[in-house]
Amino acid sequence: MQDFDPAGGSEAPFDALADGAIASRLVTVVQKLSQARSIQEIQAIVKRAARALVGADGATFVLREGDCCFYADEDAISPLWKGLRFPMESCISGWAMLHREAVAITDIYEDPRIPVDAYAPTFVKSLVMVPIRQESPIGAIGAYWASTHRASNAEIRLLQILADTTAVAIENATLVTELEWRVRERTAELESINRELEAFSYSVSHDLRTPLTAIAGYAEILAEQFDDILPASGHQYLEGIQREVTRMGKRIADYLLLGQSRRTELHREEVDLTALVQELVAEQSALHPERRIKLRIDADLRAECDRSLIHGVLENLVSNAVKFSGDAPIAYLDVGRTEAVGEQVFYVRDRGVGFDMQDAERLFTPFERLATATPFAGTGVGLATVKRIIEHHGGRVWAHSAPGEGATFFFSLPESRLANP
């Protein structure tokens with residue numbers, strides 16, 4: 001047996017690294033190991049590197065499996081022990097792991113720790129074995145020579161550097177594998193939850209809309225068949241029922257849109273936002289005949305987006321602008337586009353009640369309603385839906401306002417690829 005002086009003995013600490021080719025090869029190996037993402041990839045790198053760095057005739061990559069040494073891989077001039085397992089106490093790789101130190105043997109037939117019967121069919125005459133991770137070793141790297149070879153301390157250091165780097169690579173690969181497994185597991189879990197939520201949403205939608213339709217129908221029958229009998233207060237009650245049914249239907253629709261806003265696959269096309277806003281304003285005018293809506297809008301506002309989803313965005317912003325104009329006889333809306341690098345930014349501005357900017361983030365949180373919104377009917381999901389839809393498109397949404405001074409809502413969309421092929 002050849003003694004190995006870990007402190008370097010009489011040799012310079014890194015004699016082998018004085019060879020530029022070896023140093024360059026070691027750096028390349030370290031870089032490859034830093035990028036490896038699986039044990040198999042690490043094994044393939046290490047077995048070739050161990051042999052090349054010290055000019056050996058063979059190299060093995062050994063992993064510890066409980067009380068056994070598993071010869072997981074090899075690169076050699078003829079077969080060694082790939083795929084075999086041996087008790088830790090009966091092989092030199094086990095000795096290196098149990099003693100947590102490198103071992104160099106010039107003549108294997110003179111060392112009592114070598115199981116001669118296992119080596120007799122092989123070409124091996126000399127070897128070096130180094131543990132992978134000296135604290136709590138997880139494996140070992142072996143280098144073998146077909147002729148008698150007295151390994152230098154520098155060669156043993158090279159192999160130990162390789163083993164230490166391998167330990168880090170294995171830990172990283174194990175962490176990556178575990179994280180990937182957790183991501184896959186979590187993704188599968190979320191997909192399952194989303195499917196259940198979607199099924200639940202449709203079920204709730206059906207279960208709630210059916211009785212609402214019946215209530216609305218009965219109220220209409222009462223109004224028609226008992227028109228002469230019902231007092232004025234009765235008609236008022238029926239109108240209240242119809243109004244609340246309509247409001248509940250809108251709330252159900254808003255909840256469903258909120259749930260679907262991120263799951264819906266985008267169907268991008270060039271959309272004329274100017275025409276879409278004008279249509280929405282006309283609808284608001286019909287819904288609020290007592291109000292006058294004055295719209296100023298930039299001509300030819302266009303964006304590449306999902307028409308159905310962006311309709312939901314603009315519908316929310318336009319209806320909010322009208323709603324939060326309060327009791328003013330005229331609701332002023334200003335819709336346009338601002339300049340931005342790498343994105344298109346659109347805005348919807350009103351002259352309504354406004355809000356405190358301290359509450360700006362809460363605006364886009366589902367079911368949150370500001371104190372200033374208390375007198376105004378709403379479900380608390382409209383702006384949350386806007387935010388989800390715009391983020392689904394790869395954009396962002398924000399707002400500026402002050403109490404009593406109106407509000408401006410901005411949203412961005414990626415620059416159109418259709419307009420610039």
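Author: A nonpolar core here is a set of buried Ala, Val, Leu, Ile, Met, Phe, Trp, Tyr and Cys residues joined through side-chain atoms within 4.5 Å. Buried means under 20% relative accessible area, with a 1.4 Å probe and protein chains only. This is a predicted model: local features need pLDDT of at least 70, side-chain atom pairs count only at pLDDT 80 or more, and totals for chains, interfaces and linings use all residues. Residues are numbered from 1 along each chain as its sequence is written, and side-chain values use heavy atoms, leaving out hydrogens and water.

The largest nonpolar core holds 39 residues. Leu273, Ile310, Val313, Leu333, Phe409, Phe411 and Leu413 touch the most other members. Helix α8 (residues 307-323) gives the largest share, 8 residues. Helices are DSSP runs of H or I, at least four residues, numbered from the N terminus.

Take Phe409. Beyond its neighbours within four places in sequence, its contacts (heavy atoms within 4.5 Å) include Leu317, Phe346, Tyr347, Leu383 and Trp398. Another core, of 36 residues, lies apart; Leu53 and Ala102 are among its members.

Now the helix pair. α8 packs on helix α9 (residues 382-392) at about 145 degrees, with the axes 9 Å apart. Axes are lines fitted to C-alpha atoms over the stretch in contact, and angles run from 0 to 180 degrees between N-to-C directions. From α8, the contact uses Leu309, Ile310, Val313, Asn316, Leu317 and Asn320. α9 brings Gly382, Leu383, Val386, Ile389, Ile390 and His392.

Notes. Buried < 20%, exposed > 50% of the residue type's maximum accessible area, 1.4 Å probe, protein only. Helix = DSSP H or I, 4+ residues; strand = E, 2+ residues; numbered from the N terminus.
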